[in-house]
Amino acid sequence: MGRCEHQPTSGADQCCERDAFLNGKCVLHCEKDEFFDAHKGFENQVNRYIYDDLRSRSDSLLKKWSGISGVRKNIYNFEEAMINYICSGDREGNIDKIIKDQCIILKGISFPRFIQGVGFVSTLSKFHGVEFADCNFTCEKPFLKKALVGFQKCDFKSGLSLTAYCKSLFFPAFINCCFSSDVTSENEKEGISIGFSGCDFKGNMMSFKGISSDEDAVIINSYNIGRFYLKGASFKGGFKVSGSKFNYFSKNDAVFEKNVCFDRSSFCFLEMHHVNFNQLFSFERNLVSDKGKKSVFGNVMFNSHAIFREAIFSGGLDLDRANFSGEANFLGVDVDGGDIANTTRETYRLIKHSFDNIGNHLEANKFFAKEMDKYREELDEERTRFSDVFRHSQNGTTFAGRCGRWASGMNSKIPIYWLNKIFSDFGQNYLLSVGWLLLFMVAYFYTFVLHRHLGLLHSESSCDVFGNWYDKVNCLASGMIPFKDFLTQGMELLSLLFYLIFAVLVWQTVVALKRHTRR
């Protein structure tokens with residue numbers, strides 16, 4: 001039959017000397033599919049593994065064991081008691097009392113799918129902690145519910161369900177592990193500590209529902225994850241995501257007592273609803289890349305500082321129902337990917353307000369301009385909506401009479417915002433207002449030339465009706481006393497209009513320059 005061909009990953013470990021069982025490897029190390037049964041051969045070898053581990057530290061354990069029994073005993077008595085305890089569960093030898101504060105490391109073992117109720121599970125549960133290193137798991141649920149557990153370089157071929165998972169031996173509990181399917185947790189009643197470091201997630205989803213933690217909660221570093229779903233969670237510890245990639249990331253009904261940090265990660269879609277961040281929330285240098293999907297923070301409470309520095313939301317951002325109790329930092333943030341269609345006006349207002357609060361008025365002005373653009377769009381939508389109402393109204397003038405005054409009031413704002421946009425981009429671009437000034441200066445010059453030299457505006461050949469009307473209008477314009485001395489004789493009305501336009505453009509230029517030079 002030959003010896004097992006399993007090669008240890010560490011040079012300090014000895015090669016396996018067990019007989020080959022399947023594909024050149026022993027019953028502990030051979031690959032096991034979902035149909036492999038944990039028969040006696042596998043159970044006996046795990047028991048022998050536990051026995052060998054305890055026997056390797058028999059010197060210290062023997063002294064402790066003798067002290068518990070009150071009788072001085074030799075190594076042979078101790079080994080016999082261990083065998084009886086491991087193989088038959090004999091509790092009279094007090095072995096369980098000396099291993100309750102001991103930890104054991106299981107290396108390179110491939111565990112079958114069905115192992116609940118197997119004898120060695122009860123033995124391992126008596127240890128203080130069990131570390132699995134370079135092990136393979138076909139079962140979906142960890143089979144130890146009492147001992148502290150930790151996993152290093154393990155392969156979970158059927159994914160992992162953390163429903164029955166207890167507290168970890170070390171944090172993070174999963175180091176450099178591979179998950180071939182989904183990782184989930186649901187309806188966890190006891191405290192749970194979830195930590196992943198350097199792991200490879202090949203499944204489509206990470207889902208955590210109804211969990212709570214009394215210590216550090218979640219660490220996700222450098223992963224590619226299809227779907228991450230967190231619901232009904234309460235973490236008294238922190239939550240950190242760094243250098244990872246998600247196709248879908250969702251948080252719902254969660255409370256975080258300590259810092260939450262997202263750093264240099266990318267998301268195709270991101271949403272959070274009914275989430276409380278009681279301490280620092282950092283979403284710095286992250287990318288939400290899908291331009292067709294808006295990132296949503298709905299009913300999210302930021303009770304401390306919120307940092308969105310250099311974050312990019314290519315598909316837009318919705319902060320309409322977000323609440324900020326502390327300061328928010330949006331320096332270098334991109335919330336629309338160059339298209340304001342998906343980002344709400346309230347989002348722009350919140351960002352503008354956060355910059356104004358810290359005195360960064362230059363950045364605040366940029367978002368003020370976008371806020372005004374969105375408001376102008378809302379006015380256009382209101383006008384279109386009421387036009388449709390009027391067209392489809394069955395009551396004719398009665399219904400129009402009730403709404404008309406309000407609708408006309410909405411429409412009266414549209415020209416102001418439209419002109420403000422084209423004249424100076426809401427006070428952001430002084431070159432626009434200067435350009436319009438030059439254009440109207442040229443227009444005024446040619447109007448003056450036409451009036452003085454060509455006589456096209458008011459000549460002797462003009463009809464009496466037009467001449468009388470034009471004279472009366474010019475006389476009325478002369479009644480504008482502050483401008484009377486500056487009006488051109490014979491074209492008072494036109495020169496008054498030009499003066500008003502020049503005044504508006506000069507004011508737009510001053511406002512734009514002030515916004516660029518304000519301290």
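These questions and answers set features of a predicted model against their definitions.

The model is predicted: local features need pLDDT of at least 70, side-chain atom pairs count only at pLDDT 80 or more, and totals for chains, interfaces and linings use all residues. Residues are numbered from 1 along each chain as its sequence is written, and side-chain values use heavy atoms, with hydrogens and water left out.

Q: Why is S354 called buried?
A: Buried means under 20% relative accessible area, exposed over 50%, partly exposed in between (1.4 Å probe, protein chains only). S354 has 8% relative accessibility, so S354 counts as buried.

Q: Where is S354 placed?
A: S354 sits in helix α6 (residues 345-357). Helices (H or I, at least four residues) and strands (E, at least two) are DSSP runs, numbered from the N terminus.

Q: How do you know that β3 and β5 pair?
A: Two strands pair if DSSP finds at least two bridges between them. Five bridges join β3 (residues 129-133) to β5 (residues 148-152), and the two run parallel. The count meets the rule. Within this pair, G129 stands opposite L148.

Q: What makes β1 and β11 edge strands?
A: The open sheet runs in the order β1-β3-β5-β8-β11, with parallel pairing. β1 (103-107) and β11 (196-197) each pair on one side only.

Q: How do you know that β2 and β4 pair?
A: Two bridges join β2 to β4 (residues 136-137). That meets the rule of at least two. In β4, N136 is the bridge partner of S110.

Q: What makes a set of residues a nonpolar core, and which residues have the most contacts inside the largest one?
A: The set holds buried Ala, Val, Leu, Ile, Met, Phe, Trp, Tyr and Cys residues joined through side-chain atoms within 4.5 Å. The largest core has 95 residues, and F132, F174, F297 and F313 have the most contacts inside it. Helix α1 (residues 40-55) gives the largest share, six residues. Apart from this core lies another, of six residues, including F423 and L505.
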